[in-house]
Amino acid sequence: MGVLPVPAEVRAILLDIEGTTTPIAFVQETLFPYIKDNVKEYLRAHWEEEECQRDVGLLRKQAQEDSSLDGAVPIPLESGSGEEELERVIQAVVDNVHWQMSLDRKTTALKQLQGHMWRAAYATGHVKGEIFEDVVPAIRKWREAGMKVYIYSSGSIEAQKLLFGYSTEGDILELFDGHFDTKIGPKVESESYRRIAASIGCATNNILFLTDVPREANAAEEADTHVAVVIRPGNAGLTDDEKSYYSLISSFTELFLPSST
């Protein structure tokens, strides 16, 4: 795709994760299957812990709110009548988690349990955050050139820090000046990018946003943020119109910083 010059006014680079720094396959084929395959074992191991009980309480509350939905799985309360009953409750939680995940739901209750399970998986070495090989060398060069580098992902800030803290490249959290998730706003709304700019103390046109999702690129552009769409293996294809409209890169090494000359 050649070289993409970075506009001279850009002072910060804002990065998406899935499909940009990290293969989509890592999320779809490693992170989510890990939850499905290990949730019962995790609940059995941590059931008595306060954090696990809070997670189950949130899931139970969500299940009550979902009771009118087709296929919803209720989570009964424990009455303390032995191992058999405990297994029934744990199985109900497992079934509820599997049901929510099958619908690709993003409830706070589900995300909280997933976050705690991933934290344990990263810490024990069962999972390592996968990073495209061009990412770390490129970010180091950007920082040497005086750029600030931030992450903006729909995954929670805790999940972001786990991915980069326990990555295939080691702990690379030092490379980032800050993290944003959807608490600052949805990635497909232009106001989110204005809030990010205000938060880091610059104008929106001082930011270059790299993402693989045209709808996010469009929202950023509406806020007067510079954008480039990242083409990676496994990413969704772009239309001919999107290919001709957006600046495209297939590697971070294709970004050319005027200040680095």
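Buried means under 20% relative accessible area, exposed means over 50%, and partly exposed lies in between. The exercises below use a predicted model.

**Exercise 1. Classify Tyr 122 and Tyr 166 as buried, partly exposed or exposed.**

Step 1. Tyr 122 has a relative accessible area of 3%. That is under 20%, so Tyr 122 is buried.
Step 2. Tyr 166 has a relative accessibility of 37%.

**Exercise 2. Name the geometry of the Tyr 122 and Tyr 166 ring pair, and state which parts of the chain the pair ties together.**

Step 1. Start with the total: the structure holds 9 aromatic pairs.
Step 2. In the pair of Tyr 122 and Tyr 166, the ring centres are 6.1 Å apart. Centres within 6.5 Å make a pair.
Step 3. The planes of these two rings meet at 25°. Planes under 30 degrees apart count as stacked, so this pair is stacked.
Step 4. Locate the partners. Tyr 122 lies in helix α4 (residues 108–123), and Tyr 166 lies in the loop between α6 (157–165) and β4 (178–180). The pair therefore ties together parts that are 44 residues apart in sequence.

**Exercise 3. Work out the geometry and surroundings of the Tyr 152 and Tyr 193 pair.**

Step 1. The ring centres of Tyr 152 and Tyr 193 are 5.5 Å apart, with the planes at 80°. Over 60 degrees counts as edge-to-face, so that is the class of this pair.
Step 2. Tyr 152 sits in strand β3 (residues 148–152) and Tyr 193 in helix α7 (residues 190–200). The pair links distant parts of the chain, 41 residues apart.
Step 3. Check burial: both Tyr 152 and Tyr 193 are buried.
Step 4. Lys 187 places its charged end over the ring of Tyr 152, 5.6 Å from the ring centre.

**Exercise 4. Find which ring lies under the charged end of Arg 232.**

Step 1. The ring belongs to Phe 132.
Step 2. The charged end of Arg 232 is 4.1 Å from the centre of that ring.

**Exercise 5. Describe the largest nonpolar core and where its residues come from.**

Step 1. This core has 59 residues. Among the members that touch the most others are Leu 15, Val 97, Trp 142 and Leu 255.
Step 2. Helix α1 (residues 24–46) gives the largest share, 8 residues.
Step 3. Domain 1 (2–21 + 128–254) and domain 2 (26–122) each supply at least three residues.
Step 4. Another core, of 20 residues, lies apart from this one; its members include Ile 207 and Val 229.

Note on methods: Residues are numbered from 1 along each chain as its sequence is written. This is a predicted model: local features need pLDDT of at least 70, side-chain atom pairs count only at pLDDT 80 or more; totals for chains, interfaces and linings use all residues. Side-chain values use heavy atoms; hydrogens and water are left out. A nonpolar core is a set of buried Ala, Val, Leu, Ile, Met, Phe, Trp, Tyr and Cys residues joined through side-chain atoms within 4.5 Å. Buried means under 20% relative accessible area, exposed over 50%, partly exposed in between (1.4 Å probe, protein chains only). Helices (H or I, at least four residues) and strands (E, at least two) are DSSP runs, numbered from the N terminus. Domain bounds come from an automatic or database domain assignment. Rings of Phe, Tyr and Trp (its six-membered ring) pair if their centres lie within 6.5 Å; planes under 30 degrees apart count as stacked, over 60 as edge-to-face and the rest as tilted. A charge sits over a ring if NZ of Lys or CZ of Arg is within 6 Å of the ring centre and within 35 degrees of the ring normal.
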